[in-house]
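Here is a walk through one protein model, written for someone who would rather look at side chains than read a log file. Keep the viewer open as you read.

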Amino acid sequence: AAEALIPIYRAAKDYKRLAGALQVQADETPDPEVRLDRLRALAEVYEQNLSDRKAAFSQFAAALDVDWRPEWIREGAERLAKESGSFRELAVAYEKAATTATGSDVLPLLKVLASTYEEHLGEVEAATRTNCQILDIEADDMAALDARERLFTLGVAYADLIRILER
């Protein structure tokens with residue numbers, strides 16, 4: 001039913017109903033690639049036609065649940081988090097996505113997560129923990145090392161700093 005309504009709502013420029021029909025269509029799509037395309041289309045309607053950046057961000061967060069690896073998903077989620085102030089939601093989505101990644105594949109998620117915790121949420125312990133995860137994978141990551149040192153000056157244990165620098 002949603003499939004038949006989409007062109008009608010699009011032609012009538014009834015974007016609120018179009019978004020509802022696209023949501024139903026995306027929710028009922030079992031194929032991950034098709035679901036990602038539908039979530040992207042839904043995000044575009046929310047952002048461009050309804051000026052609802054939080055709802056658009058939510059579609060990118062849903063896309064992260066399907067597959068976090070496509071760069072367009074991460075870029076859209078990060079951009080909309082900045083525009084809508086959805087940093088807490090970005091952190092939750094990236095934490096969840098990071099549990100499905102393996103090895104060094106998780107680094108792009110962890111790097112954004114660490115900076116989100118530090119710069120936007122002010123969560124020193126979470127930023128420190130995330131930087132530790134980065135350094136466990138890539139011990140010579142200068143950005144993570146610099147962040148760890150900066151975070152340690154904010155009151156986190158200096159013993160950890162010594163352990164990291166001794167590597």
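Phe 60 lies in helix H4 and Trp 72 in helix H5 (residues 71–84), so the pair ties together parts that are twelve residues apart in sequence. Helices (H or I, at least four residues) and strands (E, at least two) are DSSP runs, numbered from the N terminus.

Before going further, a word on the source: this is a predicted model, in which local features need pLDDT of at least 70 and side-chain atom pairs count only at pLDDT 80 or more, while totals for chains, interfaces and linings use all residues. Residues are numbered from 1 along each chain as its sequence is written, and side-chain values use heavy atoms, with hydrogens and water left out.

Phe 60 counts as buried, at 7% relative accessibility, whereas Trp 72 is partly exposed at 24%. Here buried means under 20% relative accessible area, exposed over 50%, and partly exposed in between (1.4 Å probe, protein chains only).

## The chain overall

Ten helices and zero strands make up the element list. The C-alpha atoms fill a box of roughly 65 × 30 × 20 Å along the principal axes. Of the 167 residues in the chain, 44% are buried. Contact means heavy atoms within 4.5 Å, and among contacts with a separation of 6 or more, 45% come from residues 24 or more positions apart.

## How the helices pack

Two helix pairs are worth a look. Axes are lines fitted to C-alpha atoms, for helices over the stretch in contact, and angles run from 0 to 180 degrees between N-to-C directions.

| Helix pair | Axis distance | Angle |
|---|---|---|
| H3 (residues 32–49) and H4 | within 7 Å | roughly 170 degrees |
| H5 and H6 (residues 87–98) | 8 Å | about 155 degrees |

H3 and H4 are therefore roughly antiparallel to each other, and H5 and H6 are therefore roughly antiparallel as well; the cut-offs are under 35 degrees for roughly parallel, over 145 for roughly antiparallel, 65 to 115 for roughly perpendicular, and oblique for the rest.

Where H3 meets H4, the residues on the H3 side include Leu 39, Leu 42, Ala 43 and Tyr 46, and those on the H4 side include Gln 59 and Phe 60. Gln 59 is found in H4 (residues 53–66) and is buried at 7% relative accessibility.

Val 112, in helix H7 (residues 107–120), is buried with a relative accessible area of 17%. Leaving out neighbours within four places in sequence, Val 112 touches Glu 78, Leu 90 and Tyr 94.

## The core

The largest nonpolar core has 50 residues, and those with the most contacts inside it are Leu 18, Phe 57, Leu 64, Leu 90, Tyr 94 and Leu 109. Such a core is a set of buried Ala, Val, Leu, Ile, Met, Phe, Trp, Tyr and Cys residues joined through side-chain atoms within 4.5 Å. Beyond four places in sequence, Leu 109 touches Trp 68, Arg 74, Tyr 94, Ala 97 and Ala 98.

## Two loop residues with positive phi

Lys 13 has a positive phi of about 55 degrees although it is not a glycine. Lys 13 lies in the loop between H1 (2–12) and H2 (15–27) and is exposed, at 59% relative accessible area. Ser 51, also not a glycine, has a positive phi of about 50 degrees. Ser 51 lies in the loop between H3 and H4 and counts as exposed at 56% relative accessibility.
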